[in-house]
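Hello,

Here is the structure I promised to pass on to you.

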Amino acid sequence: MRTFLIAGVASFMAALDTLVVTTALPTIREQFGASLESMEWTVNVFTLCYAVFLLAAAALGDRFGRKRVFVLGLVLFTGSSAAAAMAGSIGMLVLARAIQGLGTAMIIPLALTLLVGATRPERRGAAIAGLGGMVGLGIALGPWIGGAVVQLGSWQAVFWINVPVGLVLVPLAALLLADGGRTQRRLDVRGVLLLMAGLFGVVYGLIRSVTLGWSHVQVLLPLAAGVAVLGVFAWWERVAAEPVLPPRLFRSRGFTLSNLASTLVQGGMLGAVFLLTQFLQVVLAYGPLDAGVCTLPWTLLPALVAPLAGVFGDRFGVRRLMVASAVLQGAALACFAVVVAPAVPYSLLWPGMVVAGAGMGLFYAVAARQPLDFVAPAEEGLAAGVNNAMRQIGIVMGVAVLAGVFAATGGYGTPALFVSGLRASLWVGVAILGAAAVAAWLVPAVAARPGPRSQPLATAASGDPSVQPLAP
């Protein structure tokens, strides 16, 4: 229980900062006289650093001790939160947000592996689902908590709220958590650097595409360079003695499709959230706090659904819950696309929010758990890092694609123009979530049995020669 509380609170705190700053941007821009691009970087640099450092953090945890790296992540996150609150310029704020992203990359995947190692087999499904619910709740409540804090206090308080929590968690984690295990293999430094450089190029290009468009040299050049470096990374991992990302992981159809489904769900849904939260304030003229209250049916349901999903995952199979998650969230976006209008009453929006919240709760309960069915116990930390990295890249891609559709079909000029762009973006989100449902359905079935993970079915039944039964 103590491991779940420490890991859960730390994961919630770190996930909260994914979107908590969005409602504070107008106030920050006014104080610093910052440009629109600078404002975008206060949000995007967090996701960028989080995404590119996830696998490196997982590898460091496996090599030097998961608890040690987890505690270091808490220290970095807490210190950078205080630095962000005291920032005297937009540049210092962006730098502090970057360090927050690094700290989050150490906290969230290692919290999962520490929890798995400290939980009895018969309770691990529920524990993993609960932790996933805490992460999802942190992301979902970010805009609401940020809006409330900004409206009742100041933008600096958005960051100060992390500091006392972090100061309590650091000594508790250092004293109470078990080490979580480590490996004796050498750290693949060259592989880590190649992976970070390649991901940085791709994610940087995707972020810049929102502002500059897809044909700009500052978009095309980083994307091309990032893809090229990732190609070198793929070659190196095949010849490295102890690769940071063993190619054998992706020879498993179940592992590959699980991660693809997670990436598409995260991108389609949070890309839509990026625009829908603006719709409430820009078109319907809700204040930050009012907009947050209106999203409560959406943001609170994951906390209720995720723990139940842990139980039903063992009973009915994780794959079916993942499919249901994608279908529910796609249906919610379709509902929004049908009803959005410059003066739409809230009574037409809340049913879609309820459906989206239920789907999001299912997703955060099973997304981190499903890939672990297809890896050995010693590679759980690495698998968790891969899954988290792909989901963060999914967020960046989802925001970039849906924002690009919005810019091409609408804009901020008038409420009608905003609605036009939003509606087109929502239908693209529906298509992305439909593809996620197909990918999730194609994941090989696993036997439903109590334990830390469901054991994959025999190779002949799954049709995947790389899926081998895992020891309990």
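**Where to be careful, and what is inside**

Over residues 447-472 the pLDDT stays under 50, and the model has 62 contacts beyond four places in sequence for this stretch. Please keep in mind that this is a predicted model. Where pLDDT is low, the predicted coordinates should not be read in detail. For the protein chain, the average pLDDT is 81, and 87% of the residues score at least 70.

The largest nonpolar core is made up of 97 residues. Ile28, Phe70, Leu74, Leu93 and Leu112 have the most contacts inside this core. Take Leu74 as an example: apart from its neighbours within four places in sequence, Leu74 is in contact with Ala10, Met13, Ile107, Leu169, Val170 and Ala173. There is also a second, separate core, with 54 residues, among them Ala306, Met322, Met360 and Leu426.

H16 provides the largest share, with five residues. What classes of residue make up the lining of this pocket? There are 14 nonpolar and three polar residues, and no charged ones.

Enjoy exploring, and write back with any questions.

Best wishes

Technical notes. Residues numbered from 1 in each chain as written. Predicted model: local features only at pLDDT ≥ 70, side-chain atom pairs only at ≥ 80, totals over all residues. Heavy atoms only, no water. Core = buried A, V, L, I, M, F, W, Y, C linked by side-chain atoms within 4.5 Å. Buried < 20%, exposed > 50% of the residue type's maximum accessible area, 1.4 Å probe, protein only. Contact = heavy atoms within 4.5 Å. pLDDT = per-residue confidence, 0-100. Helix = DSSP H or I, 4+ residues; strand = E, 2+ residues; numbered from the N terminus. Nonpolar A, V, L, I, M, F, W, Y, C, P; charged D, E, K, R; others polar.
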